[in-house]
Amino acid sequence: MKKNSFLYRAFDLYYDGFRNMTLGKTLWAIIIVKLVIIFAVLKLFFFPNYIDRHAEEGDEADFVATELIDRAIPTP
């Protein structure tokens, strides 16, 4: 890649910035840990495994197809 290209200059900017961080690395680590915890909690409490509870073993694909069809074309 040429050193004058936009992609090289953008990569170099971020690479150099992260390489010279001292306090920033700690802050990024804290942010990443917090995001992992938040998404893990969201997954556990707000997005239960609906298909596992309502579909029978081995019949998950048919259950999803039926649900999609029934919700797209409501029966009167």
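What follows is a chat about a predicted model of one protein chain.

Trainee: Before I get into details, what is the mean pLDDT of the protein chain?

Mentor: The mean is 85, and 96% of the residues reach 70 or more. Keep in mind that this is a predicted model.

Trainee: OK, the fold. How many helices and strands are there?

Mentor: Four helices and zero strands. Going along the sequence you get α-α-α-α. The chain is more spread out than a compact globule, because its radius of gyration is 23 Å, well over the 11 Å that the globule rule gives for 76 residues.

Trainee: And what box do the C-alpha atoms fill?

Mentor: Roughly 60 × 30 × 25 Å, taken along the principal axes.

Trainee: Which residues make the nonpolar surface patch?

Mentor: The patch covers about 1,000 Å² and is made by Leu13, Tyr14, Phe18, Trp28, Ile31, Ile32, Leu35, Val36, Ile38 and Phe39. The elements giving two or more residues to the patch are α1 and α2, the latter spanning 23-46.

Trainee: Which of them gives the most?

Mentor: That's α2, with seven residues.

Trainee: Let me pick one patch member. Where is Leu13, in which helix?

Mentor: Leu13 sits in helix α1. Leu13 has a relative accessible area of 59%, so it counts as exposed, the cut-off being over 50%.

Trainee: Switching to charges. How many salt bridges does the count come to?

Mentor: Two salt bridges. One of them joins Arg19 to Asp16, with the closest N and O atoms 2.6 Å apart. In general, side chains of opposite charge can pair when their charged atoms come close.

Trainee: How are Arg19 and Asp16 placed in helix α1?

Mentor: They are three residues apart in α1, residues 6-19, so about one helical turn separates them.

Trainee: How do Arg71 and Glu67 count for accessibility?

Mentor: Arg71 counts as exposed, at 63% relative accessibility. Glu67 counts as partly exposed, at 24%.

Trainee: One last thing, Tyr50. What does it touch, leaving out residues up to four places away in sequence?

Mentor: Tyr50 touches Phe63 and Arg71. That's the Arg71 that is in a salt bridge with Glu67. Tyr50 itself is found in helix α3 and is partly exposed, with a relative accessible area of 39%.

Trainee: How far apart are Tyr50 and Ala72?

Mentor: They are 22 residues apart in sequence and 18 Å apart in space, C-alpha to C-alpha.

Terms used:
Residues are numbered from 1 along each chain as its sequence is written. This is a predicted model: local features need pLDDT of at least 70, side-chain atom pairs count only at pLDDT 80 or more; totals for chains, interfaces and linings use all residues. Side-chain values use heavy atoms; hydrogens and water are left out. A salt bridge is a side-chain nitrogen of Lys or Arg within 4 Å of a carboxyl oxygen of Asp or Glu. Buried means under 20% relative accessible area, exposed over 50%, partly exposed in between (1.4 Å probe, protein chains only). pLDDT is the predictor's confidence in each residue, from 0 to 100. Patches are made of residues with over 30% relative accessible area and no salt bridge: like charges are joined within 9 Å, nonpolar side chains (Val, Leu, Ile, Met, Phe, Trp, Tyr) within 5 Å. Accessible areas come from the Shrake-Rupley method with a 1.4 Å probe; for residues, only the protein chains shown count as cover. Contact means heavy atoms within 4.5 Å. The radius of gyration is taken over C-alpha atoms; the globule rule is 2.2 Å times the number of residues to the power 0.38.
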